[in-house]
Amino acid sequence: MNLSFFDQFTSPYLLGIPLILVSTMFPALLLPSTDNRWLPNRLCTLQLWLSHLITKQLMVPLNKKGHKWALILTSLMTLLLMINLLGLLPYTFTPTTQLSMNMALAFPLWFATLLTGLRNQPSTSLGHLLPEGTPTPLIPALIMIETTSLLIRPLALGVRLTANLTAGHLLIQLISTATITLLPLIPTVSLLTTLILLLLTILEVAVAMIQAYVFVLLLTLYLQENI
Amino acid sequence: VLHVTRPLHTTQQSLAPLPPLPEKGGEVRHGLIPEEFFQFLYPKTGVTGPYMLGTGLLLYLLSKEIYVVNHESIAAICILSVIIYGVKRFGSDVAAFADKLNEEKVAKASAVKNKAIKDLETAIEMEKKEQWRVEGRGYLFDAKRNNVAMVLETNYRERLLMVYNEVKKRLDYQVAMQNLKRQKEQDHMIQWVEKNVIQSITPQQQKESIAKCILDLKALSKSAQAAV
C-alpha cells in the first residue's frame, strides 16, 4: 500500500461498492441502545449521562419552542463526536473531512433556523441585522455587512469543520512521514518528531471533540436568535 | 420448509425485542481478546499457545510485507499509546463514576422506601401506645365514678346542712316569740300592779308617810351628828 498524503481523504470503495454510507453510519453501531432498564450496565450509564449532559447544555438557553430541536441537535452532536474520534485511528476514513458532507449537514440546518425565524417573527429576525445603538450614518453599511455575515454562516459552519479535521489529519500524516524517514538517518531528531506527534495526537483528540461541540453550539445560537 | 427448519430455531425468533445487554461484559485479556479464545486453545497448546500464535502471525505479516510499515504505522503507534494510556489511567475512575451514578439512583429509591418503612414503624409504635393507653380505661372510669360519688355526697351533705339551718331558724323564731310574749306579759303585769298601787295610795296615807320619813330623817341626822 503506497499511500500518498491525500489517499486518506478519498471516499472508500470495496470492489467497486461505495462504502461512504457505511462509514458514516458505522459509529452509531458502537453505541448500544439503552434498552430501558432502570439500572443499565456501565457503558449504557455513561452514554446516558453524556447524552443528558449534552442535551441540558444545548437546551438551557432555548425557550420551550426550541426544545423541539433537542433530538436532532443531540444526535448530530453524538454523530460528529463519534465520527471525529474514530477518524483518529489509523487507516480510517473520516466522513467529516469531506466538504460535501459538512455542507449537507450545515446548510439545511442553518436554513431551517432562518426560515423558522422569518416565518414566526419576521420583523425580529430581520431586526437582528442591525445591532443596537449604531450611529445613524453607519446603518446602510452595517446592514450590508450583517446580511453578508448571515449568508456566510452555513459556509463557515461547513468549512470550519472540514478544514479543522483535514488540517489535523494532514499534519499527523506529514509529521509521521518525517519521523519514519528520519528514523534510519538521524534517530534523535526522529525521536523529537515522535514527541511532537504525540502532542499533536492529543491536540487532535481535543480538536475532534471541540469541533463537534462548536458546530452544534453555533446552530443552537442561530436557533436562539430566530425561534 | 417451515417445519424442516423448526428444530434449528434454538432461541426466540428475531422479531421479538432484542434481549437486554448483560450487566457486565465478558472477560477479556489485554483489553481486546476474549478469554474464551485462550480457553479454546488451552487443551491443544497450553498457556503460551495464543501468545505464540499472535507473535508468529505478527512477524509473518511484517516479514512478508502483508502489513507495510509506513507513516501510518507511526501515527498508529502514537494514537494507540494515547488511547492505552488514557484507558489505563482513567479506566477505573470512569467505572467508579458509572457505578456511583447507579448507586445514587438506587440510593434515592431506597431512601424513599426506607423512609416509608420508618414512617410505618413509627405509626405501629404509636398504635401500640394507644392500645396500652386504652387498657387503662378501667382506672379512668373508677376515678370518674369516685368523683361523681363524691360530688353527690357533697351535695347531699350541703342539703342536709341547709335543712338543719332552716329548721333551726323556724324553731328559734318560735322560741323568740314565746320569750317575747312572756316578757310582754311580765311588763304589763308590773305596770298594772304599779298603777294599782299608786292609785291605792290615798292622800291621807301620803301625808302620814311623809311625816314619818321626816321624823326618821331627823333621828338619823342626830345619830349621824353624834357619830361625827
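At roughly what angle do the axes of helix α2 and helix α3 of chain B cross? I shall take that point first, and then turn to the interface and to chain A. Please bear in mind throughout that this is a predicted model.

In chain B, helix α2 covers residues 35-45 and helix α3 covers residues 49-63. Their axes cross at roughly 100° and come within 8 Å. An angle from 65 to 115 degrees counts as roughly perpendicular, and α2(B) and α3(B) are therefore described as roughly perpendicular to each other. On the α2(B) side, the residues that take part in the contact are F37(B), F38(B), L41(B) and T45(B).

I now move to the interface between the two chains. Here 31 residues of chain A are in contact with 30 residues of chain B. The size of an interface is often given as the accessible area lost when the parts come together. For chain B and chain A, the buried area is about 2,800 Å², and carbon and sulfur atoms account for 69% of it.

Which polar features cross this interface? There are six residue pairs in polar contact, both residues being at pLDDT 80 or more, and one salt bridge. R42(A) forms a salt bridge with D99(B), with 3.0 Å between the closest N and O atoms. The side of chain B that touches chain A consists of 20 nonpolar, five polar and five charged residues.

Finally, chain A itself. Chain A contains two strands and eight helices, and along the sequence the order is β-β-α-α-α-α-α-α-α-α. Taken along the principal axes, the C-alpha atoms of chain A fill a box of roughly 65 × 55 × 40 Å.

Methods: Residues are numbered from 1 along each chain as its sequence is written. Chains are lettered from A and ligands numbered from 1 in the order in which they are written. This is a predicted model: local features need pLDDT of at least 70, side-chain atom pairs count only at pLDDT 80 or more; totals for chains, interfaces and linings use all residues. Side-chain values use heavy atoms; hydrogens and water are left out. Contact means heavy atoms within 4.5 Å. Buried area is the accessible area (1.4 Å probe) that two parts lose on being put together, summed over both. A salt bridge is a side-chain nitrogen of Lys or Arg within 4 Å of a carboxyl oxygen of Asp or Glu. A polar contact is a pair of N or O atoms within 3.5 Å; within protein, one must be able to donate a hydrogen and the other to accept it, and residues adjacent in sequence count only if both atoms are side-chain atoms. Ala, Val, Leu, Ile, Met, Phe, Trp, Tyr, Cys and Pro count as nonpolar, Asp, Glu, Lys and Arg as charged, and the others, Gly among them, as polar. Axes are lines fitted to C-alpha atoms, for helices over the stretch in contact, and angles run from 0 to 180 degrees between N-to-C directions. Helices (H or I, at least four residues) and strands (E, at least two) are DSSP runs, numbered from the N terminus. Angles under 35 degrees count as roughly parallel, over 145 as roughly antiparallel, 65 to 115 as roughly perpendicular and the rest as oblique.
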